[in-house]
Amino acid sequence: MAKDNVTNEFRLIGTRPNRPDGLDKVTGRARYGADFSLPGMLWGAVVRSPHAHARIVKIDTSKAMALEGVKSVVTRADFPTGLTGEDWNLQENTIAGEKALYDGHAVAAVAATSKFLAEEAARLIEVEYEVLPHVIDVDDAIKPDAPVIREGAADASVPEGSAPNVVRYMEFGRGDVEAGFAAADLVMEKTYKTEATHQGYIEPHACVGQMGADSKGEMWVCTQGHWYIRKMCAAVLGIESAQLRVTPSEIGGGFGGKTTIFMEPLSLALSRKAGGRPVKIVMSRAEVLRATGPTASGSMDVKLGMTKDGKITAARVEFRMQGGAFPGAPVDMALYCCLAAYKLENVAHIGYDVMANRPKCAAYRAPGSPMGAFAVESLVDEMCRELKLDPIETRLMNAVREGDVASYGPKFGSIGLVEVLEAVKQHPNYQAPLGPNQGRGVAAGYWFNHNGETSVSMSIASDGTAQVSVGTPDIGGSRASIALMVAERLGIAYEDVRVNVVETGALGENEPTHGSRATFASGKAAILSTEQAIKEMCRRVAKEWGIDEEAVDWSDGAAHPAGPNAGKFPPMTLKEIAANMGSTGGPISGHHESLPDGVGASFGAHVVDVEVDPETGRTSIVRYLVVQDAGRAIHPSYVEGQYQGGAAQGIGWALNEEYVYGSDGRLQNPVFLDYRIPVASDLPMIDTVIVEVPNPGHPYGVRGVGETGITPPLPAIANAVHAATGSRIRHLPITPQKVRSAMKAAAK
Amino acid sequence: MSKIHVTTKINGDEVEFLADPRETLLDCLRDHVGLTGTKEGCGTGDCGACSVELDGTLVCSCLVLGAEANGKSVNTIEGMAKGEELHPLQRKFIEHAALQCGFCTPGILVAAKSLLEKNPNPTEEEARFWLAGNLCRCTGYDKIIRAVLDAAAEMRETA
């Protein structure tokens with residue numbers, strides 16, 4: 001789509017109406033995963049491994065089955081064999097086969113007539129384990145003599161002779177890195193580590209599954225993507241996808257963690273064995289933390305060369321990440337994103353995807369990018385300090401612009417990095433005076449954004465209102481943004497458009513609400529569906545007026561003659577056309593399905609002021625600024641909300657959050673008291689600036705805003721702590737203990 | 001296990017249910033009374049999604065047994081609006097876009113209402129500390145705090 005096709009004058013886009021689902025959500029009426037129940041429903045409970053790595057010698061379910069009210073028990077023996085690739089991984093993660101691979105790995109499940117009974121029955125299932133040596137840390141897991149998690153899990157990319165838990169290897173780059181380092185005035189190389197964190201959505205996973213002996217089923221579930229649930233459950237259970245109908249509930253947060261399956265196939269398998277009675281499974285918080293999909297942890301080497309005026313001459317990064325006991329750590333994404341803000345001639349990337357005895361990682365908001373940013377943006381800051389350079393000017397000097405080749409290969413289309421950095425410079429926060437023990441940090445971040453399989457329908461009601469059916473669950477206001485775009489195009493009131501998130505039976509396959517795609521992809525498809533309906537309305541009006549279809553235009557909610565030559569007719573409004581549609585050819589609707597092209601990448605930069613208590617080492621956030629290119633903010637309040645929420649999660653990751661394992665390989669902090677996410681009293685107001693460099697690939701310029709915002713906080717806070725204390729923490733989280741010992745060491 | 005007959009007043013209505021002695025008030029509200037607006041986020045009193053008022057005191061309903069509600073009154077999110085008229089906090093939450101996924105919203109609204117009944121003019125800091133027991137993972141709390149302070153201001157004006 002050419003640039004001049006992006007509209008810039010709007011009636012509704014950029015306004016802030018109340019979200020259509022707001023009333024349901026402030027009154028407690030909105031139905032989330034655990035709120036759904038069915039007549040005759042059973043409750044399921046899952047038996048989980050207490051060991052990080054253990055051979056399953058025997059499972060005895062007889063005592064559980066003997067309990068009155070227990071209707072079915074499943075183990076791996078109830079699932080089909082012969083799966084391969086990711087299907088096998090999903091099945092193995094759903095329910096352990098020969099070995100339990102992490103603390104919390106499901107080994108059996110039971111359904112009974114009450115929650116308490118199901119829990120009691122789960123306790124009566126006896127599992128005999130042979131405990132095996134385990135490995136948790138990524139740098140330990142990559143050692144040649146580490147406990148082997150699974151032979152044969154490596155793909156063809158892994159060089160011969162690699163350590164046994166390395167399952168994917170990647171290497172790419174361009175130019176002459178050594179020559180680049182030789183041309184630098186300063187070369188620095190450091191290692192950075194991040195710990196695994198959890199998305200921390202407040203709603204635990206919940207589903208009701210129902211499946212008969214004919215393998216036809218239904219599921220009601222909280223998910224970011226119900227077609228993924230359908231496809232994955234079908235694969236794991238060996239049933240046909242189309243025979244499973246999946247309806248999404250409202251979703252209580254996901255952040256990537258609800259784009260895959262965990263206990264959902266268990267509820268279906270239990271239901272089938274219980275004669276088709278529906279089975280509800282609701283995870284506890286401990287189950288969520290132990291056995292869903294936290295993010296990977298990383299160990300990352302970065303080497304940069306810089307001239308004394310700040311030009312980056314070469315970059316070499318080598319990242320090792322563990323994503324649990326399966327392939328899939330987002331090391332590739334981390335490598336692609338980590339240097340994306342810099343125009344580089346000489347660059348080398350190396351990545352290792354490593355298995356460890358931890359839960360199978362899932363996506364977490366810009367998967368991989370925050371870790372990569374932590375490593376690279378920390379080192380850029382260290383070098384700016386060494387060379388006494390302004391961190392924003394240095395980033396501007398090296399910034400990628402439209403037409404530049406990205407560090408990871410492709411050529412950038414329209415991007416807004418320079419605009420973002422300029423906006424940071426202009427913002428009062430960047431000049432605000434700092435108090436004692438305070439320091440300022442800045443960092444940039446990047447996310448590709450994503451299109452994905454998208455299928456959307458819309459139709460006109462006989463009173464001239466419109467309904468839109470989308471397949472992307474509304475996590476943060478996408479009903480509002482899509483209604484705004486459709487109303488804008490149709491020329492009707494925002495309130496006259498209803499956006500429904502519909503079940504799998506109602507549309508073609510949709511990818512989840514992930515990759516910052518809902519407002520971009522479902523939004524674009526909704527606009528294109530609307531165009532189709534408009535075309536049909538113009539056709540009918542043309543027939544009525546007896547003129548050519550091309551001679552009818554659509555604007556302000558009505559059909560108009562295209563010009564003086566088209567003839568003189570009063571505009572025919574949507575209401576009139578809709579009222580008569582029964583006699584002019586029947587229903588008027590539009591549909592669009594595609595992998596919407598024209599994805600627009602997004603850059604952001606954050607400025608954070610911290611204060612570090614010199615006695616305790618505790619870091620507090622004093623001031624926080626998010627600047628990010630939205631392309632276009634359809635509903636600015638929800639764009640700001642994404643920026644603020646991403647920043648808050650990043651702050652938690654930087655300062656508090658980590659998976660803590662004991663020497664026995666068990667997760668030590670599977671409750672919110674110990675896995676401490678930021679609370680209201682931890683944070684200040686989070687200032688935002690929405691930069692709008694419209695994406696030419698979207699009719700209204702949308703890029704997608706969900707993910708970039710979690711990327712800069714990790715390094716920005718580490719940089720600010722350095723500024724405040726003179727000490728550099730290269731291993732997240734930046735706990736008071738670490739800061740205090742670093743300050744003590746520096747004082748010596 | 002034999003059940004306990006519980007008589008309570010929920011959102012002003014007399015309600016009876018049979019509680020398993022092990023059941024929390026949260027489970028009873030959700031599974032026996034059919035009031036699913038109160039949410040479970042942790043079951044350990046850390047997240048505040050299950051906040052209700054028990055005889056006027058703000059509690060985590062996951063830390064109270066259902067049987068303890070006998071003879072007491074319980075106020076939940078479902079009782080916050082009066083018919084079609086939303087409580088100012090509910091209205092301000094929508095206006096300020098103070099919810100994204102909306103899952104923590106019922107608990108935060110109940111907790112914020114309790115704050116404003118005790119302190120009609122809280123500072124930002126007081127609001128932040130009062131709500132520190134209510135986790136929100138989506139918003140970074142910015143718009144929530146603004147909505148609470150704005151609702152407080154409006155309620156003071158109309159009081």
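Helices here are DSSP runs of H or I with at least four residues, strands are E runs of at least two, and both are numbered from the N terminus. Angles run from 0 to 180 degrees between N-to-C directions, with axes as lines fitted to C-alpha atoms, for helices over the stretch in contact.

A word on what you have open: this is a predicted model, in which local features need pLDDT of at least 70 and side-chain atom pairs count only at pLDDT 80 or more, while totals for chains, interfaces and linings use all residues. Residues are numbered from 1 along each chain as its sequence is written, and chains are lettered from A and ligands numbered from 1 in the order in which they are written.

Two strands pair if DSSP finds at least two bridges between them.

Next, zoom in on E1(A). Towards strand E12 (residues 279-282) of chain A, E1(A) runs parallel, joined by 2 bridges; pick Trp43(A) and you will see Lys280(A) of E12(A) opposite. Contact means C-beta atoms, placed from the backbone, within 7 Å.

Move on to strand E5 (residues 106-112) of chain A. How many of the residues of E5(A) are buried? The count is 7 of its 7 residues, where buried means 20 or more other C-beta atoms within 10 Å of a residue's own, exposed means 12 or fewer, and partly exposed is in between, with C-beta atoms placed from the backbone. E5(A) pairs with E1(A) in the antiparallel sense over 6 bridges, and Gly44(A) stands opposite Ala111(A). E5(A) is also antiparallel to strand E3 (residues 70-74) of chain A, over 4 bridges, with Val70(A) bridging to Ala112(A).

**Ala64**

Select Ala64(A), in helix H2 (residues 62-66) of chain A. Ala64(A) counts as buried because 23 C-beta neighbours lie inside 10 Å. Leaving aside neighbours within four places in sequence, its contacts are Val70(A), Val73(A), Val110(A), Ala121(A), Leu124(A) and Ile125(A).

Show E4-E2-E6 (chain A), 3 strands in an open sheet with antiparallel pairing. Strand E4 (99-100) and strand E6 (126-131) of chain A are its edge strands. Strand E2 (residues 54-60) of chain A pairs with E6(A) over 6 bridges, and Ala54(A) has Val131(A) as its bridge partner.

Step back to Ala52(A), in the loop between strand E1 (42-48) and E2 of chain A. Is Ala52(A) buried or exposed? Ala52(A) is buried, because 28 other C-beta atoms lie within 10 Å. Not counting residues up to four places away in sequence, Ala52(A) touches residues including Tyr102(A), Asn357(A) and Asp664(A).

**A helix pair**

Select helix H11 (residues 369-387) and helix H18 (residues 713-725) of chain A, packed at about 35° with axes 7 Å apart. H11(A) residues including Phe374(A) and Asp381(A) meet H18(A) residues, among them Leu714(A) and Asn719(A).

**Over to chain B**

Finally, show the interface: 44 residues of chain B are in contact with 43 residues of chain A. On the chain B side, helix H2 (88-95), helix H3 (105-118), helix H4 (124-130) and helix H5 (142-158) each supply at least two residues, and H2(B) gives the most, with 4 residues.

Zoom out to finish: chain A has 19 helices and 26 strands, and 61% of its 748 residues count as buried.

Definitions and conventions: Two residues are in contact if their C-beta atoms, placed from the backbone, lie within 7 Å.
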